[in-house]
Amino acid sequence: MTAPVRVWLNRTYAENVFFIDLLRAAPRPVHVLATHVDPDSPVLGAADLGLLEPDGLSAEEYLGFALEFCARHDVDVFLPRLHQLAISLHRRDFEALGTVLICPPAPAISLFASKVDGYRALDAAGLPTPLWRQADTAAELLAAVEEIEATGAQPCLKPATGAGGEGFRILTREPFSLRRLAGYVDTRVQLDQVVQALEFADGPAELLVMPYLNGPEVSVDCLAAPDGRLLAAVGRSKQGRRRGFTVEPQYLEPTRRLVERFGVGHLSNVQFRHEANGRPVVLDINTRPSGGLHQLRLCGLNLPAAALELALGAHPLLPAPEELELGEYTLVPNARPVLPRQPAAPALERIDVPAALRPAAVAL
């Protein structure tokens with residue numbers, strides 16, 4: 001009997017319990033290892049082996065931990081989320097242990113880690129982007145807001161780095177009122193408060209100012225060869241609870257150009273929104289699988305299993321676009337409890353990495 005492929009997912013999102021389900025549907029046996037700092041993380045319970053990992057490590061320290069973990073647990077395939085760049089920079093060190101990485105090359109990860117650098121690169125490549133301005137000071141923020149308001153759009157703000165909508169705010173000139181204390185907390189923030197915060201800031205804020213773009217959002221999940229050649233891509237439209245699949249060229253063609261131009265290999269995600277005239281523009285690029293990637297199984301596509309086959313040197317069997325079941329669906333909360341396969345192990349101690357495996361430095 002063929003030994004199971006040992007796949008490690010480091011600190012990742014709770015929704016990736018479904019990613020693990022799809023890995024187990026691969027055409028070969030799979031043994032999933034997962035690590036997290038949260039003992040209640042669902043991924044620990046969904047994995048065949050769930051372990052607590054050390055917290056508070058620098059990128060270089062975590063790299064040493066990751067190398068030791070792969071050596072100790074005979075990891076065949078490693079899909080990193082935490083410290084993805086540092087790990088990708090030392091891909092050869094992992095390959096020397098017999099561990100293949102499922103993540104893009106370091107230059108692609110580094111480029112799109114900064115939304116400013118990413119948008120500049122997209123603009124230079126002629127790819128569709130929204131109006132965006134970098135604002136490091138109060139004066140730059142006010143100038144950007146006035147420019148966006150002159151187009152009739154609502155300005156919004158987000159940090160140059162981050163994921164999952166972290167730090168997103170809609171800027172408003174309306175004074176604070178008791179109405180803001182009723183109902184649910186929203187994302188609006190008073191412009192004068194942000195201006196004041198920037199005036200008292202110790203250094204550059206590294207913020208982006210953009211027009212608020214209405215939905216639907218179209219999130220394109222991608223699988224590419226290690227060199228960035230696009231192998232499969234399907235868009236998921238999101239409007240409230242309603243979801244749908246799309247393979248329309250207005251989303252897939254810019255995605256193909258982006259992934260192949262910048263070598264975004266393996267699993268990635270490109271997000272689009274629409275300007276007032278309906279033109280789709282690239283909102284964000286994730287150099288990792290999206291949290292909603294598992295939803296593609298509803299249209300007949302299992303990208304986690306295909307990515308695993310690709311990493312192991314096989315040619316994954318992928319359905320043609322015309323073979324996909326492109327329908328609409330609605331999201332509901334997951335009611336399936338995730339029971340642990342084994343008790344979570346105690347936190348892993350810091351272990352010195354053998355000198356032969358220890359990298360000299362991590363260039364970030």
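Helices (DSSP runs of H or I, at least four residues) and strands (runs of E, at least two) are numbered from the N terminus. With a cartoon view on, you'll find eleven helices and 16 strands in the protein. Keep in mind that this is a predicted model, where local features need pLDDT of at least 70 and side-chain atom pairs count only at pLDDT 80 or more, while totals for chains, interfaces and linings use all residues. Residues are numbered from 1 along each chain as its sequence is written, and side-chain values use heavy atoms, with hydrogens and water left out.

**The whole thing**

Zoom out first. Along its principal axes, the C-alpha trace spans about 65 × 50 × 45 Å. The radius of gyration (taken over C-alpha atoms) is 22 Å; this agrees with a compact globule of 364 residues, which would have one near 21 Å, the rule being 2.2 Å times the number of residues to the power 0.38. Now colour by burial: buried means under 20% relative accessible area, exposed over 50%, and partly exposed in between, with a 1.4 Å probe and protein chains only. Of the 364 residues, 50% count as buried.

**Into the main core**

Next, select Val7, Leu223, Leu267, Leu296, Leu303 and Leu308. Within the largest nonpolar core, which has 38 residues, these touch the most other members. (A nonpolar core is a set of buried Ala, Val, Leu, Ile, Met, Phe, Trp, Tyr and Cys residues joined through side-chain atoms within 4.5 Å.) Elements giving two or more residues to this core include strand S1 (5-9), helix H1 (17-23), strand S12 (230-239) and helix H11 (303-311). Which element gives the largest share of this core? That's H11, with seven residues.

Click on Leu303. Not counting residues up to four places away in sequence, Leu303 touches Asp221, Cys222, Leu223, Ala232, Leu267, Leu293, Leu296 and Leu318; contact here means heavy atoms within 4.5 Å.

**A helix and its neighbours**

Select helix H7, residues 115-124. Its buried residues are Lys115, Val116, Gly118, Tyr119, Ala121 and Leu122. They pack against helix H6 (106-113), strand S6 (133-135), strand S7 (155-159), S10, helix H10 (249-262) and S15. Just after H7, look for Gly126, which takes a positive phi of about 75°.

Now hop to Met210, in strand S10 (residues 207-211). Buried or exposed? With a relative accessible area of 2%, Met210 is buried. Beyond its neighbours within four places in sequence, Met210 is in contact with residues including Tyr119, Trp132, Cys156 and Leu283.

**A loop on the inside**

Go to Gln295, in the loop between strand S15 (280-286) and H11. Gln295 is buried, at 6% relative accessible area. Leaving out neighbours within four places in sequence, Gln295 contacts Glu15, Arg236, Arg243, Phe245, Tyr329 and Leu331.

**A loop on the outside**

Last stop: Leu181, in the loop between strand S8 (169-172) and strand S9 (188-190). Leu181 counts as exposed because its relative accessibility is 61%.
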